[in-house]
Amino acid sequence: MAVRDVVNLLRGSVSLEVTGEFPERFLNLCAQRGSAFWGVDWPDSHTLRLTVAWQDRAGLEELAERTGCVIAQGGKRGLPPFLTRFKKRYALLAGLTAALLAFCLLGRVVMVVEVEGNERVPSAVILTELRRLGLRPGAYGPGLSVRDISNEALLRMEDLSWMAVNLHGIRAQVLVREKIPKPELLDETILGDIVAEAPGIVTRVETWAGDPAVEEGDTVLAGEVLIRGSVRMDPPQYSEREPLWMAVRAMGRVEGRTWRILTASIPLTAEVKAPTGEEKTFWSATILGQRVNFYQNSGIPFDRYDKISKTWNVRLPGGSLPFTLRREICQGWETAETSIDLQAAQAMLEQQLLRRLQDQLGQTGTVVSHSFSAQETGEGLKVTLTAECEEELGRFIPAA
Amino acid sequence: MDKNRKKEGLLERTAQVFDLPGEVVGLPRVELTGRGELRMENHRGILAYGQEEILVSGGKLLIRVRGSGLELKAMTGDELLITGTILSVELE
């Protein structure tokens, strides 16, 4: 399509048939008036066909009257005649205007706030602080001073070292970097001994500061000193001076073999939930952070109930939008007493005991061997764990 | 009509005396590009129109363009453009 045709389509045109005694006079008046026309056809001496621009059609009737001609309007082409069809379709125009406004305005409204780069600081904490500073779903993007917001947020959150807020249309991307925590410094001015945390047999002694009080193979009890925080300084040979004692902070590592016995018990009967069959459903929606409830009475008529929530989020390929539909079902229940499954209960207690043992040993200790014993008593099921472990025995105790 | 002709005669003489181009003083100017395009300035309107003959008023002159497939491509108050296969241009 030629450029000329495109231009004619954009500005629109109308075909006219001029009939009269002297149609050439009409043509000459059009030219004098500056009306653009083309496609002139002269079928006979009294008839003239031509195409005029849509914007020049007004006033041609008057020209025809002046020249004693009659104008018959033919086909219309182009964009302006097409748009004229919608001139009286007010609902369509209103909808179109609303859609355009929505496109222009909503495209600048923040709908999604995404936090990236945080590991220790929860996203909810950052989002709450940003919400206080005005960055939230529904905020008008160009009205936000993202630099001020990020600076202010950094001042309020001590665990963050850097923050940048980038607005990408309806999405606000919040990039954060967390502060590296300070290493825990050992205060060497606090003096004291290293004592045994649990009874056992010493397998290894490594002294960094202080005097070792035990050797490999020694048996120690809980609380017994393993490395003394006082160092004996002998006087020179043949000197009559008394030995000196220097107080230090005992440091070192004493490993040993220990035997730990842990017990746990559970009653033979337990109270379990028994659903009553009654339930109540609540529907709500959240639009740009504002919750709209679709129920009037929010009271729950059950003493004990489970609340089961399900949320449907409006998602786009770029992320989720701040429009959610939420359903909450409250299901009532009562307690009923029932006897427990002994095997399952024993397995559960054994797992609990192993977890407790690992907690006591820490990351450095290992379990060499372990065994369980179970016993039914009047109070319930009692499980005992006997474990042989290798662990660090020493624990620093400041001097009184 | 006589007044106009006298006026055009005066303009023509003025152009000759002062050695000015004729179109400057409003005389019609016809420019032919090959056989396919005729451009005219300072015309006074179309008198007759057809695919084989177009008659254009130039005031004192009458320009008759003959040919085949003639078309008035564009026209303003002062200028016009005729396209097609032009066989002859006659001045009357």
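Visitor: Which residue of S4(B) does B:Ile46 stand opposite?
Guide: Happy to start there. This is a predicted model, in which local features need pLDDT of at least 70, side-chain atom pairs count only at pLDDT 80 or more, and totals for chains, interfaces and linings use all residues. Residues are numbered from 1 along each chain as its sequence is written, chains are lettered from A and ligands numbered from 1 in the order in which they are written, and side-chain values use heavy atoms, with hydrogens and water left out. In S4(B), the residue opposite B:Ile46 is B:Val56.

Visitor: How many bridges pair strand S3 of chain B with S4(B)?
Guide: Strands here are DSSP runs of E with at least two residues, helices are runs of H or I with at least four residues, and both are numbered from the N terminus. Two strands pair if DSSP finds at least two bridges between them. A hairpin of four residues joins S3(B) to S4(B). S3(B) (residues 45–48) and S4(B) pair in the antiparallel sense, and their bridges number three.

Visitor: Which residue in S5(B) is the bridge partner of B:Val56?
Guide: S4(B) also runs antiparallel to strand S5 of chain B (residues 61–75), with six bridges joining them. In their hairpin, two residues lie between the strands, and B:Gly59 takes a positive phi near 85 degrees. The partner of B:Val56 in S5(B) is B:Ile63.

Visitor: How many of the six residues of S4(B) are buried?
Guide: Buried means under 20% relative accessible area, exposed over 50%, and partly exposed in between, using a 1.4 Å probe and protein chains only. By that rule S4(B), residues 53–58, is mostly covered. The count of buried residues in S4(B) is five.

Visitor: Which residues of chain B lose the most area to chain A?
Guide: Buried area is the accessible area (1.4 Å probe) that two parts lose on being put together, summed over both. Between chain B and chain A it is about 960 Å², with 56% given by carbon and sulfur atoms. Three residues together account for 48% of what the chain B side buries: B:Ile46, B:Tyr49 and B:Met75.

Visitor: Which elements give two or more residues to the side of chain B that touches chain A, and how many residue pairs are in polar contact across the interface?
Guide: The elements are S3 and S5 of chain B. A polar contact is a pair of N or O atoms within 3.5 Å; within protein, one must be able to donate a hydrogen and the other to accept it, and residues adjacent in sequence count only if both atoms are side-chain atoms. Across the interface of chain B and chain A, the residue pairs in polar contact (both at pLDDT 80 or more) number three.

Visitor: How many residues of helix H2 of chain A are buried?
Guide: H2(A) spans residues 23–33 and is mostly covered. Its buried residues include A:Phe26, A:Leu27 and A:Cys30. Just after H2(A), A:Gly34 takes a positive phi of about 85 degrees. Of the 11 residues in H2(A), the buried ones number eight.

Visitor: Why does A:Leu60 count as buried?
Guide: A:Leu60 sits in helix H3 of chain A, residues 60–66. Leaving aside neighbours within four places in sequence, A:Leu60 is in contact (heavy atoms within 4.5 Å) with residues including A:Phe26 and A:Cys30. A:Leu60 and A:Phe26 are 34 residues apart in sequence and 8.8 Å apart in space, C-alpha to C-alpha. A:Leu60 counts as buried because its relative accessibility is 2%.
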